[in-house]
Amino acid sequence: MRKALIFFAFLISCGKGINYSQSFPYDKGYVLFDQNGKERKLDEFKGKVLVVGYIYTHCPDICPLITDNMRKIYKEVSKNGWSNKVVFLSISFDPRRDKPEVLNNYAKIYGLDTVKNWFFLTGNPKTIDSLMKDLSIVVEIGPMEVSESGDTIYFIVHTDRIHIVDKRGKIVSYFKGSEANVDDVIKAIRRAI
Amino acid sequence: MIWMLAFIDIADIWARPGIKGGNSAVYMVIRNNDTLPDTLYKASSDIAAMVEIHKTYKDKKGKMGMERVDYVVIPPKGEFKLEPGGYHIMLMKLKKNLRGGKKFNLSLYFKRAGKIDITAEVK
């Protein structure tokens, strides 16, 4: 009974950044493209602590909260002098619309285009689908609407997540991206460095 | 700035940044000073090809999504908040980039108060 209570207490204490045993898929040979159209092999980030958020640029409500939270985390990382140890990745799960130039514009709009350790990544749709499955990020295309001008509009139902990946490629913590407590994330990054 | 017409006040109006061709969301607090409810049923703006009232929701598995709603009711002597992670005015297919500091006009349509024109600032 005591063991069960301790385990239950552990589960509750982990609620805001549950420890995780999943690996970041460095060994799968994923090749993506950054906001400048430059090819980025996922494994080139190995050896850095990663703060990874999953977004799509047409998302007006939740993904901006994720990006805002990552920006707050980035400021704290900079303040702590960890900028050469920590890399930020915003990976789009909407590669059909989020081409590099779109991500570049998105980074500019959010004032993140000059941040050297922050990459906005997209890729071939099959690559992105496979990557999201490996990372347990659920992506479901919602119903489509057509505007008066004939444009097709759709939204995506998706997992709300920020991952912290350590230098060896182990996902050591995850947070609800739109509600992440910056202090909790910074503690997780400190442990991962 | 508080926008007031008859019995409806609208305050804390702001919008998310957005890219041309993409989307944005507008948030605000709508206060109803009357003793009868009012209904916001439509919004429009020249800044986007389509403007709708939307709600962000979380499903049973924790996934986040959005859906259109036909209207929201502002209770008598009460308020309705359009806020991040909840209800918002959805701007779709933006006609230009919305950067921080930019202002644009938006019209809200209420069943009783009628049309109210407001200005939103991008933050």
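**Where the chains meet**

Mentor: Let's start with one pair: His158(A) stands opposite Met64(B) in E6(B). This is a predicted model, where local features need pLDDT of at least 70, side-chain atom pairs count only at pLDDT 80 or more, and totals for chains, interfaces and linings use all residues. Residues are numbered from 1 along each chain as its sequence is written, with chains lettered from A and ligands numbered from 1 in the order in which they are written.

Trainee: What makes E8(A) and strand E6 of chain B a pair?
Mentor: Two strands pair if DSSP finds at least two bridges between them, strands being DSSP runs of E with at least two residues, and helices runs of H or I with at least four, numbered from the N terminus. Here 2 bridges join E8(A) to E6(B), residues 63-68, so they qualify, and they run antiparallel.

Trainee: Which residues make up the contact, by chain?
Mentor: Chain A puts in 25 residues and chain B 24, where contact means C-beta atoms, placed from the backbone, within 7 Å. On chain A's side, E8(A) gives the most, with 5 residues.

Trainee: How do you know that chain B agrees with a compact globule?
Mentor: The rule is 2.2 Å times the number of residues to the power 0.38, with the radius of gyration taken over C-alpha atoms. For 123 residues that's near 14 Å, and chain B has 14 Å, so it agrees.

Trainee: And what is chain B built from?
Mentor: It has 0 helices and 11 strands. Its C-alpha trace spans about 40 × 35 × 20 Å along the principal axes.

Note on methods:
Two residues are in contact if their C-beta atoms, placed from the backbone, lie within 7 Å.
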